[in-house]
Amino acid sequence: MNIELRKLTLEDYADLKESMLQAYDSMGGSIWPKASIAKLLNIFPEGQVCIAVDNKVVACSLSIIVEYDEYGDRHTYKLITGDYSFSTHDANGDTLYGIEIFVHPDFRGLRLGRRLYEARKELCESLNLKSIIAGGRIPGYHTFSETLTPRQYIDKVKAKEIYDPTLTFQISNDFHVRKVLKNYLPGDKESKEFATLIEWNNIYYQGVDASARSAMTIRLGLVQWEMRLFPDMDVFYEQVEFFVDALSGYKSDFIMFPELFNTPLLQPYNHLPEIEAMRKLAEKTKEIVDRMHEYALSYNVNIITGSMPLLENGKLYNATYLCHRTGKIDEYRKIHITPNEQKYYGMIGGDKVQVFDTDCGKIGILICYDVEFPELSRIYADQGMQILFVPFLTDTQNGYTRVRHCAQARAIENECYVAIAGCVGNLPKVNNMDIQFAQSAVFTPSDFAFPTNAVKAEATPNTEMVLVVDVDLHLLDELHHYGTVKVLKDRRTDLYQTKLLK
């Protein structure tokens, strides 16, 4: 047996007609006339695909392109096909509309339908179309129509309590039911003239100005910062700008500094109690953020400033800033304050949790201890986060181990990338900042598209350096849809939920 998937030709019409008559025998042998097939081949030849077994066409997929918003979800088959004339085909449209797919009954069981669906998906991706949409028959519904509504029937098919020869197959091929259509295909007695509006989303769709998939590769630059004393602010800024310059030179999209990386500037206040010294350091925060903002603009890079003390209305926070290269500035305040921060500095936690939109996708920021609380990153994931940034500061290897392993867990359970950056070295003459331990890294989900240990890259421990890492956001999209496990989709939200209370 020789099976060949190829473009349909008009010379195939005799075989096509015979296969259609057999496939739709229960509907009175309804078939497309030769003139209709000829028109489809003329206006959109690549959209008409067939499978030949031993040179005889036994399965076929017919489609057109439409600007879907012109028709909406309440359309009929007659409307979407232009009264069967295909005048609705628009080469500049955004949706591949499936108008026909069938397999000769003698050849069912060879998974020919799956091949046709895969060919449609490849076509949708290659043409950069938003989705595939079609009206799907539910031929098993007539058996249950007296006891189940169409929606109840569909729900039972989705739950695999009922087998429907068409809908079960469509669901297994990653289509989802968008809506129930009424009077979609007059004469379809098996479906009681109901249909499912099914959809498959093209995760590679890039809009009308689409570029290659590589456009979704994001470069991260992490600064593993060595604690050192600075004689003045100019020397401090020289060191900061050195790293910004170096990482922007490697065309990084993001640069991240660690938590409280500016605490060497506490040295002049070492004679003060820790709580007063940290409040004095907070007086420099705005100046540092303003300088980072200038660097983000001049070096064309998004900068996560590392965290700094923020004094507001007499209250001290641990805050970080996202300086966009577009000029915008976002702020995040550490939610969970460690016992050490409370005891020595009197810090309190922030109360705003949100994902930030950037020119490189949606990101979340958590500061050190925050990453040990899985609820926050789960909320971020529900808001569409793709990359989680975690500036941290740990003095011992025990503390670092907590941050590292929690960050890895967050990457796996939320199907995202997690980048961590910390401080290294010793800092004499600054109270409560004696020693630091860090190994900055980028973690990934755990599946075949990612490293087997789910570590994209990691720095040398306890050495000042930069880490430059590329992450591919398309791999996350593929994981969400086709992963070995689908953690986010498989949550039992009927049983438990994680949500913000304010």
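The legends below describe close-up views of a predicted model. Residues are numbered from 1 along each chain as its sequence is written. As the model is predicted, local features need pLDDT of at least 70 and side-chain atom pairs count only at pLDDT 80 or more, while totals for chains, interfaces and linings use all residues; side-chain values use heavy atoms, without hydrogens or water.

View 1. An unreviewed UniProt entry places the feature "domain: CN hydrolase" at residues 218-473. UniProt positions follow the numbering used here, feature names are shortened, and annotations may be inferred rather than shown by experiment. The span is 29% helix and 29% strand, and its end C-alpha atoms lie 7 Å apart. Helices (H or I, at least four residues) and strands (E, at least two) are DSSP runs numbered from the N terminus.

**View 2. Packing of helices α7 and α9.** The axes of α7 (residues 233-249) and α9 (residues 285-298) come within 11 Å and cross at roughly 35 degrees. Axes are lines fitted to C-alpha atoms, for helices over the stretch in contact, with angles from 0 to 180 degrees between N-to-C directions. The crossing is right-handed, a term for the near helix being turned clockwise from the far one by less than a right angle. On the α7 side, Met233, Phe236, Tyr237, Val240, Glu241 and Val244 meet Glu287, Ile288, Arg291, Met292 and Tyr295 of α9, contact being heavy atoms within 4.5 Å. This contact has eight nonpolar, no polar and three charged residues. Ala, Val, Leu, Ile, Met, Phe, Trp, Tyr, Cys and Pro count as nonpolar, Asp, Glu, Lys and Arg as charged, and the others, Gly among them, as polar.

**View 3. Packing of helices α11 and α12.** Helix α11 (residues 374-382) packs on helix α12 (residues 397-414) at an angle of about 35 degrees, with the axes 10 Å apart. Their crossing is right-handed. Pro374, Ser377, Arg378 and Ala381 of α11 meet Arg410, Glu413 and Asn414 of α12. Two nonpolar, two polar and three charged residues make up this contact.

**View 4. The largest pocket.** Its volume is about 1,400 Å³. Among the 48 lining residues, Tyr24, Ile101, Phe102, Arg137 and Thr166 are the closest to the centre. A pocket is an open set of points on a 1 Å grid over the protein atoms alone, with protein on both sides within 12 Å along at least five of seven lines, and lining residues have an atom within 4 Å of a point. Points are joined across faces, edges and corners, and a volume is the space filled by probe spheres set on them. Strand β4 (95-103) is one of the elements that supply at least two lining residues, and β4 gives the most, with six. The lining has 25 nonpolar, 13 polar and 10 charged residues.

**View 5. The second largest pocket.** This pocket holds about 550 Å³ of space. Of its 23 lining residues, Thr338, Asn340, Leu393, Thr394 and Asp395 lie nearest the centre. Helix α10 (339-345), α12 and strand β18 (435-436) each supply at least two residues, and α10 gives the most, with four. The lining comprises nine nonpolar, seven polar and seven charged residues.

**View 6. The largest cavity.** A search of the whole structure finds one cavity of 30 Å³ or more; a cavity is a set of grid points where a 1.4 Å probe fits but cannot get out. The largest cavity has a volume of about 60 Å³. Leu266, Tyr269, Asn270, Leu272, Glu274, Ala277, Tyr345, Val430 and Asn431 line this cavity.
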